[in-house]
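Biologist: I have a structure open and would like to learn how to read it. Could you take me through some features, one by one?

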Amino acid sequence: MSDDNCFYKNGLHFECRRCSDCCRLSPGVVYLSKNDLTRLSQCFKISQDEFVKKYCRWVQYYGNKEALALLEKPNYDCALWGADGCQAYDARPIQCSTYPFWSWILESPQSWSQEAKSCKGIDGGKLRSRQEIDGQKFLYDHNLPITRDLEL
């Protein structure tokens with residue numbers, strides 16, 4: 001996107017309010033990459049296999065694939081959600097840490113404004129530079145989930 005056409009060329013305001021609305025009470029899928037799994041298993045001081053068994057599920061992904069994702073509790077809270085919030089906040093998946101600087105949210109001023117309706121931190125707090133936003137978007141776009149092929 002050229003500088004002239006980028007609606008966030010002068011930056012965007014965002015500050016996570018730690019309200020956890022994006023982590024709780026509604027269905028969602030948090031995909032895990034190899035790096036995410038490594039950081040999370042180290043955070044919990046358990047093996048990657050143990051982490052997958054305790055906190056993960058396989059979900060339908062593009063084509064004939066499944067992707068590794070965090071479990072949800074019956075009320076749709078993330079499996080990592082606890083009484084004090086995210087139990088792995090400093091090691092949370094890239095999908096979580098890069099929000100709201102995801103490609104589809106940054107497509108247009110309209111998509112940004114639409115997402116602001118469900119996130120109290122959007123359009124408030126610290127001014128994030130285009131460079132920071134593009135860096136977060138790059139991380140999100142290139143953080144590929146762990147997948148496995150499905151048998152037909």
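Biologist: Let's start with Y55. Is Y55 buried or exposed?

Modeller: This is a predicted model, so take each value as computed from it. The cut-off for buried is under 20% relative accessible area. Y55 has 9%, so it counts as buried.

Biologist: And which ring does Y55 pair with?

Modeller: Here's the general idea: a pair of aromatic rings is described by the distance of the centres and the angle of the planes. For F44 and Y55 the centres are 5.0 Å apart and the planes make 40°, a tilted pair. F44 belongs to helix α1 and Y55 to helix α2, so this pair ties together parts eleven residues apart in sequence.

Biologist: How many aromatic pairs are there by this rule?

Modeller: The count comes to eleven. Take F14 and F101: their ring centres are 5.8 Å apart with the planes at 80°, so that pair is edge-to-face. F14 sits in strand β1 (residues 12-14), while F101 is in the loop between α3 (94-97) and α4 (109-116), so the pair ties together parts 87 residues apart in sequence. Both F14 and F101 are buried. There is also one aromatic cluster formed by Y99, W102, W104 and Y140.

Biologist: What sits over the ring of Y89?

Modeller: Two charged ends do. That of R18 is 3.6 Å from the ring centre of Y89, and that of R92 is 3.8 Å from it.

Biologist: Now the nonpolar core. Which residues touch the most other members?

Modeller: In general, nonpolar side chains of soluble globular proteins tend to be buried together. In this model the largest nonpolar core has 15 residues, and L32, L40, F51, L68, L70 and L80 touch the most other members. At least two core residues come from each of α1 (34-44), α2 (48-55) and β3 (65-70). Another core lies apart from it, with 13 residues, including Y99, F101, W112 and I122.

Biologist: What is L68 in contact with, beyond its neighbours within four places in sequence?

Modeller: Its contacts of that kind are V30, Y31, L32, L37, V52, C56, R57, W58 and I146.

Biologist: Y31 is on that list. Where does Y31 lie?

Modeller: Y31 is in the loop between β1 and α1. With 26% relative accessible area, Y31 is partly exposed. Once the neighbours within four places are left aside, its contacts include D36, V59, Y61, P93 and P145. D21, ten residues away from Y31 in sequence, is 18 Å from it in space, C-alpha to C-alpha.

Biologist: Last one: which residues of α4 are buried?

Modeller: A bit of background first: an α-helix has 3.6 residues a turn, so residues three or four places apart point the same way. In α4 the buried residues are S111, W112 and E115. They span an arc of only 100° around the axis, which puts them on the same side of α4. These buried residues pack against β1 and β6 (122-128).

Biologist: Which backbone oxygens does the side chain of S111 reach?

Modeller: S111 is buried, at 14% relative accessibility. Its side chain reaches the backbone oxygen of S108 at 2.9 Å, and a polar atom of that side chain lies 3.4 Å from the backbone oxygen of W104. Leaving aside neighbours within four places, S111 is in contact with W104, I105 and L106.

How values were computed. Residues are numbered from 1 along each chain as its sequence is written. This is a predicted model: local features need pLDDT of at least 70, side-chain atom pairs count only at pLDDT 80 or more; totals for chains, interfaces and linings use all residues. Side-chain values use heavy atoms; hydrogens and water are left out. A nonpolar core is a set of buried Ala, Val, Leu, Ile, Met, Phe, Trp, Tyr and Cys residues joined through side-chain atoms within 4.5 Å. Buried means under 20% relative accessible area, exposed over 50%, partly exposed in between (1.4 Å probe, protein chains only). Helices (H or I, at least four residues) and strands (E, at least two) are DSSP runs, numbered from the N terminus. Contact means heavy atoms within 4.5 Å. Rings of Phe, Tyr and Trp (its six-membered ring) pair if their centres lie within 6.5 Å; planes under 30 degrees apart count as stacked, over 60 as edge-to-face and the rest as tilted. A charge sits over a ring if NZ of Lys or CZ of Arg is within 6 Å of the ring centre and within 35 degrees of the ring normal. A polar contact is a pair of N or O atoms within 3.5 Å; within protein, one must be able to donate a hydrogen and the other to accept it, and residues adjacent in sequence count only if both atoms are side-chain atoms. The arc is that of the directions from the helix axis to the C-beta atoms.
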